[in-house]
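Morning, everyone. Please have a look at the model on the screen, and then I'll walk you through it.

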Amino acid sequence: MEDALIGQELGELTALAAALEEPAYRARQIYRGLYRERLSGIDRISTLPRKLRETLERDFTSGLPAVEKRFDAADGTARYLLRLADGKSIEAVFIPEAARDTLCISTQVGCPVDCRFCLTAAMGLERNLTCGEIVAQALTLARLHALEARERGLNIVMMGMGEPLLNLDAVMKATRLLADPQGVAISQRRMTVSTAGIASRIEEFARHDVRAKLAVSLNASNEEQRLRLMPITKKYRLGELLEVCRNYPLRPWEWLMFEYVLLKGVNDSDRDARDVTRLLANIKCKVNLIPFNPGPGIDFETPAAARVEAFHKIVMAAMPCFVRQPRGRDIFAACGQLKRTAQPS
Ligand code: SAH
């Protein structure tokens with residue numbers, strides 16, 4: 001997969017041009033064509049002479065995935081099944097909202113973290129995605145939905161398949177490429193990385209100057225409950241995770257985000273809500289409540305709307321708190337439903 005152009009920074013493309021005995025501005029033309037103009041292939045970079053395009057096409061690939069299937073939900077959400085060079089497939093989701101659009105992209109094929117309520121967990125980990133494969137998802141969806149032309153905000157959330165902090169190098173390089181004003185130009189303030197709580201990697205993540213906002217999947221109101229829902233808590237205890245969060249070096253404009261999947265009768269009581277506010281006291285944070293999205297073989301239920309509202313009210317009294325509306329549930333595009341399903345349901 002070394003032969004993909006997407007995923008290479010300008011410096012790498014410049015070295016590549018030099019190796020081909022081409023002037024450095026050719027690298028800038030390639031960079032612009034792939035990242036800024038989001039062209040659909042090397043042959044579309046019309047600023048390059050035809051002969052160079054042919055050489056490049058012979059020795060490299062663009063790195064764009066093949067769009068294998070697209071599922072359209074009633075609410076405008078579109079879920080994509082994308083095929084990678086080695087035949088494996090991943091999912092990415094386009095989510096239109098009133099004031100902006102959001103792209104939800106994957107960071108791994110499958111996921112090694114075994115959260116009990118998540119469909120992707122059942123796949124296990126097949127492999128990490130390369131930086132190029134992460135960036136190429138965003139480029140592909142942006143092109144298919146002509147996102148630049150819409151003149152609306154564009155957000156990227158790395159909340160698709162996989163645990164981003166277990167593929168940290170690729171995620172950080174992808175973030176730099178996506179944020180580059182000369183290229184894709186999506187501000188780091190408009191990107192979010194969500195983690196199941198790999199405490200040791202959160203510190204490492206924070207050492208990077210260019211980084212997305214951080215969201216942490218809390219999902220439980222106490223350690224014992226979290227152990228049952230997210231067995232990874234055995235490795236990264238809740239206390240340790242919250243300690244790392246308290247020490248997280250937030251930038252002045254930034255809030256830490258905590259996600260909380262609401263599971264009927266499991267973690268959705270008033271008492272759970274009060275405990276959550278106690279756990280997160282003294283952290284500059286927002287809480288995002290996600291009513292459970294069902295999936296085959298997953299033995300949890302979605303709380304009634306009134307229960308979600310009651311929980312929301314209690315947390316909101318202590319800190320900013322939002323309910324994430326399920327998007328594209330009818331096509332299995334919502335949080336926790338990504339499992340390379342070829343059928344809509
Ligand atoms: N691995 C990362 C990112 C992917 S999951 C993480 O764990 O944060 C994105 C969010 O969806 C997480 O907060 C996760 O807890 C939540 N989620 C997983 N399965 C869900 C389901 N069935 N219903 C609702 N949310 C779910």
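Start with a helix pair: Ala199, Ile202 and Glu203 in H6 meet Glu240, Leu241 and Val244 in H8. Contact here means heavy atoms within 4.5 Å. Helices are DSSP runs (H or I, at least four residues), strands likewise (E, at least two), numbered from the N terminus.

A word on sources. This is a predicted model: local features need pLDDT of at least 70, side-chain atom pairs count only at pLDDT 80 or more, and totals for chains, interfaces and linings use all residues. Residues are numbered from 1 along each chain as its sequence is written, and side-chain values use heavy atoms, with hydrogens and water left out.

Back to the helices. H6 covers residues 199–206 and H8 covers residues 238–246. They pack at about 15°, axes 9 Å apart. Axes are lines fitted to C-alpha atoms, for helices over the stretch in contact, and angles run from 0 to 180 degrees between N-to-C directions. So H6 and H8 are roughly parallel, a label for angles under 35 degrees.

Next, the core. The largest nonpolar core has 116 residues. Such a core is a set of buried Ala, Val, Leu, Ile, Met, Phe, Trp, Tyr and Cys residues joined through side-chain atoms within 4.5 Å. Val135, Phe258 and Leu280 have the most contacts inside it. Beyond four places in sequence, Val135 touches Ile6, Tyr35, Ala174, Leu177 and Leu178.

Last, strand E8, residues 191–195, which holds Thr192. Is Thr192 buried or exposed? Buried, at 9% relative accessible area, because buried means under 20% (1.4 Å probe, protein chains only). Its contacts beyond four places in sequence include Ile156, Met158 and Lys213.

Methods. Buried < 20%, exposed > 50% of the residue type's maximum accessible area, 1.4 Å probe, protein only. Parallel < 35°, antiparallel > 145°, perpendicular 65-115°, else oblique.
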